[in-house]
Structures are given as C-alpha cells and as structure tokens.
Amino acid sequence: MNTIVTIAGLGILSMLSEIFHFKKQLFVLILLGLAAAIGISVMEWDTAYSYYNHMVLIDNYAIAFSVLLMSVTLLWFLMSQSYFKSESSMEAHAAIILFALCGAICMTCFSDLSMLFIGLEILSISMYVLCGSDKLNKRSNESAMKYFMMGAFATGFLLFGIALIYGVVGSFNLTDIATYTGQNVNNLPMIFYAGIVLLLVGLFFKVSAAPFHFWAPDVYDGAPTVITAFMATVVKTAAFAAFYRLFATCFSSVFTFWIDIIAIVAALTMLAGNILAVYQTSVKRMLAYSSVAHAGYILMALAAVSQSSKGAIFLYLIAYSLSTLGVFAVLNIIHEKKLSDDVSVFNGLAKSNPLAAAMISICMLSMAGIPPMAGFFGKYYIFLAALNSGFTWLVLMAVLSSLIGVFYYFRIVMAMYTGKNETTAFEIKGLPLFFLVLSGVLSVIIGLGTNFIVNLL
Amino acid sequence: MTLTVLLSSPADYLPVAIMFVVAMGFVLTTIFVTHLLGPNRKSKIKLDSFECGIESKDNARVPFSIKYFLIAILFVLFDVEIIFMYPWAVNFLDMGMEGFLKMLIFLGLLFNRLLYILKKGALKWE
C-alpha cells in the first residue's frame, strides 16, 4: 500500500517540478523514489495485510510482482534517459509513466474486482496517451487511436464479465467469489460461466493473446520506441499478474471449465506470434510479434493451474522483461538516428563493438530459450508445470514454436556476426552500453539462481 | 454469504419485451402517421436543417480554434471532480476529521493540477 502512495506521490512531484522549477533534479529524484518504493515493498515481505475494506491485499505474490514492476520501470528510466532529454514536456511523460506504474501495481495486489478494473484503467488510459505522445508522427497517432478503440472495447467485455459474476455471487470480493463457487460447484447458473468467458476475453486482449492480438503489432510499431519497451514489459507483466491472481484465487474450483480455453488460446498465440514474426523485416515489428508469442508461453503456465505455475510465470516475466529492455535500448539508439530498423542495420556490429554484440546475442538467446540464459529456465519451468498437469500436446506445440522462434532471433545474431560491413551506422556507448551489459549479465546471473526465484512464491 | 441465486425464467423478461414493443411501436407509429396526416410540401426552405426564420448560411463544418476544445475539456474535468464534494458535504459530520483530511488531500491534488495547467499555458488565449 505504501508503495502505491509513494509512486503516486512521485508522479505528482513530477508535475510539481514544472511549477517549481526543479526539472533538472527530477530524473535523479524519480530514480531515488523508485528505489525507495522498492525498499518499502521488500520490507513488507511476509506480512500479508488487507487494506480499504479488503479491496487491496498485499501478500507475497503482490509484493514480488510489484517489486518486479518497479525494478523494470527503474531500468526503463535509465534506458530512456536520452528520450527524456529530447522531449520538451519530459515531466508530463514521467508523471504519466509513474501513474501507469501505480495502475500496474494495483493490478498485482487487488482482492476485489472493482480494484482490478480501476488498476487496469489507470494503466490503460496512461498507455493510450503515451502511445500518441509523438504528436507529429502519424504512426504514433494511429497507434494511440487503435489502442484506445480496441482497448475500450475489450474493457467493455471485462466489465460485462465482472457484472455477470457480481450478478450471481453478489460480491466483488475475490475470497467471497471463491467461497461461493467452491460451495456451489455443481449448480452454478449459466451466466456465471458466461461471466468467466467475458473476463477471459478482456484479459486475453490485454495480454495480446491470439485471436485478440491484432492490435499489438501496429500499436507496438507506431508508438515511440521507449514507450513500446514499457508496454512490452510493464504492461504485460501487470496483465499476467492480474490474470493469474484472478483465475487462481477466484475460479480455481471450476478450473475444468476454463483451462481448456486457455490451453487452446495459448497454442494459437504461440503459433501465430512465432510464425508471423518470421515474416517481419522491421526488428521492432518482429519484437512485437515475439512478445505475442511469449504471451502464449506464459498462458501455458496459467492453464497448468498448479502450485508451481506462480513461480514459473514470475521467472519467465523477469527473464523476458530483462532481455526485452536490453534489445529495446539498442532499438532506441537506432530509431533516434532515424535509421530503418531492418535486420541489416545490425550488420558488422560484432566487428565495431564486440561487447555490445555479445550482450545483444545474450538477450536474443535468452528470448529464444537457449541454456544457460534465464529465458531457458523460464520456459523449462513452464513446460514442466504444463507437463505435470497433463498438457503433453501443448508442450509439444510450444517446443515446436520455440524452434521457429530460434530462427528469427538468430537472424539478428547472424547479421551482427556474419555481416560484411566493418562499421555500423549507429554507435552504442555510455549509458545505453552500460544498460545493455547490465541486462545481459543479469540474464545470465538469474539463469544461475532460478531455484531461489521459483521457490520464492 | 446468505445470498441466494434467484433463478429466473424467460417469462420474467416479458415486461421488458412488452416495453420494447411499445417503445418501438410508438416511434414507428408517429413516423408513419405524420407522413399520412401532414401535408407534403417540399421546397428548398422546408428542407433546410434549421427552418426558424433566420436564413442558414455556410457549412456547419467550419474549422474552429482548438483552444475552445481544450477549455471545454478542462471545464468538464474540474466540473466532474467537484461533484465528489456533494456526497462529502452531506456526510460531513459523520465522516469527521478523517473525512475532512481526505477531502483536503483531494483538493490539494486538484489544486496541483490547476497550477500545472496554468503553468503549461493551457488557458492562455493568445
């Protein structure tokens, strides 16, 4: 709870910086504030406490995911420093990002459906604005418009689902809903199941699962690169945290009804994301499709509904966020130079900057799921959870689509190492290079300590 | 949890269906009947969008200054936020000091935003 207040306070502080002229110090203030919020959150570990008439429940699950979200945002601020320098209204962007983070944290700690809705809306509305923040760029406007239209529609589905569930149970509270479903497993009315399906549709949209993924490539492609990085990491993490929390606590007694739906959607998402990513020439668009594919893998863990899927999702999201941020840091440099982000832009990077090339390779290998990177262990634990729950066909599909994934991730690695060029048109140095090394090294280190992370939850 | 589920049968929705038929029927009947009863004079003036004595001129789709839009949207924002004060004012005594402090925080945030808007020059007309 204190973390939400701290971060909202930071957001307001960013707005005040415009009025009281301390814009120069704002960047440092935000970094310190986020670090403090992470500290406050960690201090609350193992003290499950419920706030505001049981609307918010800060348990270890919520803390783990909020710390992940805040750490990713902290790294994101480091990564996008150059973006903030070039932007005239930097404090407004920082404020909106911090408010979006607030919404994301609400989505990890809700214990009430109305709180879920509030969190989701705070996050989504901030993202609609940020997508269109490159005001003079048509693509950015298009992306904001598309995201808003589709997002509003999906929110409608989610709300309708919440309304139907409320109609049956008579409460928004997750524990009340769980007790009610537990007691009436065999005579739940049809509209309850309709409510679950509508909730699923809304959440599938938010995590960009097939067949609700069509918005993702266009929105990811059109939005400013740093904002895309934020969407691909923070928004996705928050959406999955909410998804798991909702379905694992509320509807665990009727899991036979929804695990098959999620399993089929997971299979579709993996295949659609990976196959479509192969055909992309723009690296940014390719990463958008790859993020769709990653959503598919995480959905597998949701379908497994076992005690181990919590930790598996957490580990996977850490690995995925780290490598995504690393790659997007490079893409940001490329886009700032107004270069096309065709794969060929990476030609010869291994010769001009071997360190950066190695780190990008680590990020790519982690995303592709090659041992010993963190991404491999993320996939390993998810596949294990799915196998233990008897989803052999799903695991086979996942392995197959991972192989397709290796193909397009390696295209970038190949371009860097076998490209004929001696130099690249862009340079990676200073903070972005440090950042890249950080995410590469962390990807390896987390790969070594996976047991600890998985058993944390 | 003493709530029981009221199992509803389709027959319970009959009043809704009747209401729907009545509503649709009223609209359709009035449209149809006015066509039958009213005299049918078609002239340019009769077909104008505003036929109230003042001659209409130009197109309605003229570009207007974006500042109107900005001010209108800011008005709506602040107007809606102020609505929170009504339930607070009604329950002022019951909520006591805590409610008062909460409202102060809320108004402080609102004031912060007003300052921000002024500082950004959103209300400057020039």
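1. Helices (H or I, at least four residues) and strands (E, at least two) are DSSP runs numbered from the N terminus. This is a predicted model, in which local features need pLDDT of at least 70 and side-chain atom pairs count only at pLDDT 80 or more, while totals for chains, interfaces and linings use all residues. Residues are numbered from 1 along each chain as its sequence is written, and chains are lettered from A and ligands numbered from 1 in the order in which they are written.

2. The axes of α11 (residues 225-249) and α13 (residues 283-304), both of chain A, come within 11 Å and cross at roughly 15°, the axes being lines fitted to C-alpha atoms over the stretch in contact, with angles from 0 to 180 degrees between N-to-C directions. That makes α11(A) roughly parallel to α13(A), a label for angles under 35 degrees, as against over 145 for roughly antiparallel, 65 to 115 for roughly perpendicular and oblique for the rest.

3. Among the residues that meet here are A:Phe240, A:Phe243 and A:Phe247 of α11(A), and A:Ala295, A:Ile298 and A:Leu302 of α13(A); contact requires C-beta atoms, placed from the backbone, within 7 Å. By class, this contact has eight nonpolar, three polar and two charged residues, with Ala, Val, Leu, Ile, Met, Phe, Trp, Tyr, Cys and Pro counted as nonpolar, Asp, Glu, Lys and Arg as charged, and the others, Gly among them, as polar.

4. A second pair, α12 (residues 255-278) and α18 (residues 392-418) of chain A, has axes that come within 9 Å and cross at roughly 15°, and the two helices are therefore roughly parallel to each other. Here α12(A) passes α18(A) in a left-handed crossing. The residues making the contact include A:Ala263, A:Ala266 and A:Met270 of α12(A), and A:Leu394, A:Met397 and A:Phe407 of α18(A). By class, they comprise 14 nonpolar, three polar and no charged residues.

5. Which residues does A:Ala303 touch, not counting those up to four places away in sequence? They are A:Ile259, A:Ile262, A:Ala263, A:Ala266, A:Ala386, A:Phe391 and A:Leu394.

6. Between the chains, the contact takes 11 residues from chain A and 10 residues from chain B. On the side of chain A that touches chain B, α1(A) gives the most, with five residues.

Technical notes:
Contact = placed C-beta atoms within 7 Å. Left-handed = near helix turned anticlockwise from the far one by under 90°.
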